[in-house]
2 protein chains.
Amino acid sequence: MVDYVADYLENLEQRPVYPDVEPGYLRSLIPTEAPVDPETYEDIMKDVERVIMPGVTHWHSPYFYAYFPAASSYPAMLADMLCGAIGCIGFSWAASPACTELETVMLDWLGKMLQLPECFIAGTQGHGGGVIQSTASEATLMSLLAARCKAVRQVQASNPTKLEAEILSKLVAYTSEQAHSSVERAGLIGGVTMRKIPTDDSYAVTGDTFKKMVEKDKAAGLIPFYLCATLGTTPSCAFDHITELGPICKDEHMWMHIDAAYAGSAFICPEFRPLLNGVEFADSFNFNPHKWLLVNFDCSALWVKKRSDIIGAFKMEPLYLKHENQESGLVTDYRHWQIPLGRRFRSLKMWFVFRMYGLNGLQAHIRKQVSLAKEFESLVRADKRFEICAEVIMGLVCFRLKGSNELNQTLLKRISKSREIHLVPCQLSDHFVLRFAICSRTTESHHIQQAWRHITQLTFELLQEPAH
Amino acid sequence: MVDYVADYLENLEQRPVYPDVEPGYLRSLIPTEAPVDPETYEDIMKDVERVIMPGVTHWHSPYFYAYFPAASSYPAMLADMLCGAIGCIGFSWAASPACTELETVMLDWLGKMLQLPECFIAGTQGHGGGVIQSTASEATLMSLLAARCKAVRQVQASNPTKLEAEILSKLVAYTSEQAHSSVERAGLIGGVTMRKIPTDDSYAVTGDTFKKMVEKDKAAGLIPFYLCATLGTTPSCAFDHITELGPICKDEHMWMHIDAAYAGSAFICPEFRPLLNGVEFADSFNFNPHKWLLVNFDCSALWVKKRSDIIGAFKMEPLYLKHENQESGLVTDYRHWQIPLGRRFRSLKMWFVFRMYGLNGLQAHIRKQVSLAKEFESLVRADKRFEICAEVIMGLVCFRLKGSNELNQTLLKRISKSREIHLVPCQLSDHFVLRFAICSRTTESHHIQQAWRHITQLTFELLQEPAH
């Protein structure tokens, strides 16, 4: 399997990035039931090529430019093998002390790489600290649930007879209209109103707009309690103005969560760190090393200023999960920090990656990918048929053909159909826009040049047609 | 790493099952910050033995009898390596068609192994089907949220002006007082009342008790909407009477979810399948192949009768996640079935395990572990100082010294301190009880005999002391 994996990754460029299969293709290729008797490994591996590979979208192909990157590195894969072998389910300190303790220290290491304010670092005395969540969606949900619990308690402190249901019906959360769909979903799950804040012409939320919405809601007798600000939105990698939003949240006693799922990794570079200024106002901060920091999925890092806020929201203590040390105040039982009970030894991946790359290696990875995006941006800007639709700050380029949405939809359809490169669209100010995200660790300048030649060739053919 | 993993697992017996470390042990063993320059793999592996292993609770040691088993097998580990290499994030069909399609078919294979009613099988025409969740906690939460959404819509269908918050305040969910703590937690997250149903003298929920509670709540103007029944409770592996509970849920238009997290794997054996009778009344059914079916964590299998119920609860469609085939009705976008957005290619683990063991091999694994539990039960029953506290049906033996809770607490403390075997307690009818769960794939009769010799030796010493 090690050989297969190495061959797969080293020769990935030769496979078409996007599969040529129709929905339902797989079912007819394998039996309808599990075998009664064992089969050999060799038979299964033949089927990997026959059944699986034809239907794989190759996220680590250098021609994959869709969504955002999914991290992949050999150190992370090695650590994941070790994680699978140890196979502990680290829901409490006692369930495997190393699993919990390495995680706390790795989140401290990473927090320091990002120069997070001291209050987010666990250390030996801190009230804050970090935890690995599976995804940013879950980190958002956890922060919203913790904020909800805190808000209900605050209201009940002055109105002890007020019912929780009544309070919930008045709570209002806020996020950017450009925020990821999982933020709206967190509101639905939590049963609270989620307002979408209009953005400015760079697709960012500003303090003024937010403040007006909060004041309007308060005047209507509602209770603003939570803001999810985004640093690096999914459609265009826009940055909400957290230095303006933070003080408003502070004044209004609202929980500020910052979702930097994609862009967060870049804050390990001093030149990008200013974009994180204002994080000192946040109650919780999250980004995904499994996107852009070479730690394979899943590894989403969440920090909170006050551990007690997040733990207190759902602490449950059945006897079969109790252990001797838990009341000492020294231990962390991460099951209280997350939705699932079980958890893998994921901090091993961080440890291996941080050590085998070093901070220098990680910074070099970020800088290289940003420079590739800038290179692609230059190519687009040099072609008058195209326009850039949002400032290129990190590894994402939003662009489109000058012209109708239909024209751009047709172009994207032809790109998808050709299967040479893979990208997905987004919507910005009613425009249908193409997103070109630098994703694979192995993408080089010549891949970018090749991708652009391919796009311009398809464009040339498209614009030749009588309809255009 | 392959060699390290094989050596670790094959020689695990020689390591003490439970670590001898104090909270905070790890931090001082490693630097306070990540290195700036890369380090070698060899240096890291030295630290695995120096820093990590001393703090690991070895879940796959044949002397580990705590909690419930965490599955571990070489086929699953091989598949996980492939999963890491492919590294797709299968939130939609288009994000990697093979990832979605293999999952649907594997859940069908597994459903057929369990002889689930046809309505839970996706096939090519079905309305039901299965999905891999990370944990049973998440499966419970998803089912509760889907039920909540359905209940709100039902009430609003006849009272369109009724506010959601008002309806939520009247919804009542039910589960056994013996149910896992994550069920109560799902109620907290979902913002609904969760009632704990008292159990009979075998720690099971019966129809009569449940029916009375439902009627009382209805008489008080509340809306019973959800039951989480358990097959194989965590404390004692008790089985709720689902053939009685199912018809009540049906009459009351309540959602019945069945949580068989541990015991579910055994239903692949015909002799245990009768315990699943009544599943035909369920709206959703869940168990964890990552517990007892040799598929490494995480792999929790959830089936629903109506896909539309679970999908409809939170469907969100931003443009960057849309794809051409999604409206065809033929494709599954699993992101609508779960809390997180991202997801790994976990069905590979099922495929490898089902094929390399075959149904026969999997059944043999279950039967062997049950017989080991029966063997331990016989040892306990033959010693008049001890008593068995719950019927031994699967791989769990609940036992205690006849005498006070303090005596049993002391015995467990000494067992833990000796670090030769590892087990955890539970509470049954105010009794402090020791749980002996057959966990490791490599546990054999001689380990059980050795564990019992160890327990009786500590018991002998304890009872010799003047205080007893």
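Predicted model: local features only at pLDDT ≥ 70, side-chain atom pairs only at ≥ 80, totals over all residues.
Residues are numbered from 1 along each chain as its sequence is written, chains are lettered from A and ligands numbered from 1 in the order in which they are written, and side-chain values use heavy atoms, with hydrogens and water left out.

**Chain A overall**

I looked up the secondary structure of chain A and got 14 helices and 11 strands (DSSP runs numbered from the N terminus: H or I of at least four residues for helices, E of at least two for strands). The radius of gyration of chain A is 24 Å, close to the 23 Å from the globule rule for 468 residues, so chain A is as compact as a globular protein of that length. That radius is taken over C-alpha atoms, and the rule is 2.2 Å times the number of residues to the power 0.38. I also noted that 66% of the 468 residues in chain A are buried, meaning under 20% relative accessible area with a 1.4 Å probe, protein chains only.

**Where the chains meet**

Next I checked the contact between the chains: 130 residues come from chain B and 130 residues from chain A. The two chains bury about 11,000 Å² between them, 68% of it on carbon and sulfur atoms; this is the accessible area (1.4 Å probe) lost on being put together, summed over both parts.

I then looked for salt bridges (a side-chain nitrogen of Lys or Arg within 4 Å of a carboxyl oxygen of Asp or Glu) and found 8 between chain B and chain A. One I looked up pairs B:Asp80 with A:Arg344, at 3.5 Å, N to O. On the chain B side, helix 4 gives the most to the face touching chain A, with 11 residues.

**B:Asp217**

Last, I went to B:Asp217, which sits in helix 8 (residues 207-219) of chain B. B:Asp217 is buried, at a relative accessible area of 7%. Beyond its neighbours within four places in sequence, B:Asp217 is in contact with B:Val172, B:Tyr174, B:Arg195, B:Leu222 and B:Pro224.

Terms used:
Contact = heavy atoms within 4.5 Å. Buried < 20%, exposed > 50% of the residue type's maximum accessible area, 1.4 Å probe, protein only.
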